[in-house]
Amino acid sequence: MPVPAPNLYPPFNIVRLSHVEYRVTDLAASRAFYVDTLGLQVTHEDDSRIYLRAMEERGHHCIVLEQADTADVGVLGFKLYDEPDLDKAAAFFSARGLPVEWVERPHMGRTLRTRDPWGIPLEFYVRMERLEPIHQKYRLYHGVKPLRIDHFNMFAADVDGAVAFYNEIGFRVTEYTEDDDSGKLWAAWMHRKGGVHDVAFTNGLGPRLHHTAFWVPNPLNIIDLLDLMSTTGYVGNIERGPGRHGISNAFFLYVRDPDGHRIEIYCSDYQTVDPDLEPIKWSLTDPQRQTLWGAPAPRSWFEEGSVFAGIEPAPSALKAQPIVAP
């Protein structure tokens, strides 16, 4: 299926990705990982939830850690441009037979809860509680010095369908991997905010969340994190990297939290603001698409992901697979 032309006038205006809710089985262990090791800042916590933000973020949170019996993902959040966009979004999802609910969310204004056609839980809002800037409070910087949430990557059982749907609501394709034999999309990267992606979709058992990524100042911060993790009991949580992706050109590291949720540490991708920017095509048989240089991805990176609460993943009909390291 060809990559769809950009939809420059979508039915509602998404500014960017905003936040993710991770359900975790040990809140204290998760706090030690996300706060003490990665370096995210606590904005509120109680016995059941911890709210976190990165150093450049003015909104109240980009991650919510919620104590639960089972580790999964509660919701992916997106910020809309203005209040009328919330009603336009509600009308759009309702017209497609998808559930629409107005929910109360701590530290957020009017919030629309819905899902995409494959069951990924989504919420949209315009207003989130604003906090004071901390990007120049350098005494707070520690861990990998995370600056901001950058993107979500999801496993999708139908990448062509996912790209068509998210294109309809205004996400634009920047790069994609195509299966040479079938011509179908194997993966695609789509943005709203002017980086390589806010969301990405990778062929596989889905929907599942492959990872959430955080932007950091430079590759040396990633090296520092590796030193820290390897000497504080987290060496087994280092899954892949460091290396550089062909797709996105980003310097990367993948780590797993205590429940197995995957976090990418990410920097050095490129600007994609121009609305007529042509997407870059990669062949599934080109190993440099995923690893321009560095060790190849382990099998876990292709097969393991976080399930969305209450959603049963389905296998993909596209059986093409890249070469996988043992």
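## Lining of the largest cavity

In this predicted model, the residues that line the largest cavity divide into eight nonpolar, ten polar and two charged. The volume of this cavity is about 230 Å³. Its lining is made up of 20 residues, and those closest to the centre of the cavity are Asn 153, Trp 189, His 245, Gln 290 and Trp 301.

Several elements contribute to this lining. Strand 11 gives the largest share, three residues. At least two residues each come from strand 9, strand 11, strand 13 (208-215), strand 16 (262-267) and helix 5 (299-303).

## The second largest cavity

The count of cavities of 30 Å³ or more comes to two. The second largest cavity has a volume of about 60 Å³. Among the residues that line the second largest cavity are Asp 116, Trp 118, Phe 155, Asp 158, Ala 162 and Phe 201. This lining divides into eight nonpolar residues, one polar and two charged.

Two domains take part here: domain 1 (14-129) and domain 2 (141-307) each supply at least three residues to the lining of the second largest cavity.

## Helix 3 and what covers it

Helix 3 spans residues 159-168, and eight of its ten residues are buried. The buried residues are Val 159, Asp 160, Gly 161, Ala 162, Val 163, Phe 165, Tyr 166 and Asn 167. One of them, Ala 162, also belongs to the lining of the second largest cavity. The cover over the buried residues of helix 3 includes helix 2 (83-95) and several strands, among them strand 8 (121-125), strand 9 (148-156) and strand 10 (172-178). Strand 11 (185-191) and strand 12 (199-203) also belong to this cover.

At the N-terminal end, helix 3 is capped by Asp 158, which has a side-chain oxygen 3.4 Å from the backbone nitrogen of Asp 160. Asp 158 is also one of the residues lining the second largest cavity. After helix 3 comes Gly 170, with a positive phi near 105°.

## His 60, a buried loop residue

His 60 sits in the loop between strand 3 (49-53) and strand 4 (63-67). Is His 60 buried or exposed? His 60 counts as buried because its relative accessibility is 2%, and the cut-off for buried is under 20%.

The side chain of His 60 makes a polar contact of 3.4 Å with the side chain of His 107. Leaving aside neighbours within four places in sequence, the residues in contact with His 60 include Thr 43, His 44, Tyr 51, Leu 52 and Arg 53. Further along the chain, His 60 is in contact with His 107, Met 128, Glu 129 and Leu 131.

Conventions: Residues are numbered from 1 along each chain as its sequence is written. This is a predicted model: local features need pLDDT of at least 70, side-chain atom pairs count only at pLDDT 80 or more; totals for chains, interfaces and linings use all residues. Side-chain values use heavy atoms; hydrogens and water are left out. Buried means under 20% relative accessible area, exposed over 50%, partly exposed in between (1.4 Å probe, protein chains only). Helices (H or I, at least four residues) and strands (E, at least two) are DSSP runs, numbered from the N terminus. Contact means heavy atoms within 4.5 Å. A polar contact is a pair of N or O atoms within 3.5 Å; within protein, one must be able to donate a hydrogen and the other to accept it, and residues adjacent in sequence count only if both atoms are side-chain atoms. On a 1 Å grid over the protein atoms alone, a cavity is a set of points where a 1.4 Å probe fits but cannot get out, and a pocket is an open set with protein on both sides within 12 Å along at least five of seven lines; lining residues have an atom within 4 Å of a point. Grid points are joined across faces, edges and corners, and a volume is the space filled by probe spheres set on the points. Ala, Val, Leu, Ile, Met, Phe, Trp, Tyr, Cys and Pro count as nonpolar, Asp, Glu, Lys and Arg as charged, and the others, Gly among them, as polar. Domain bounds come from an automatic or database domain assignment.
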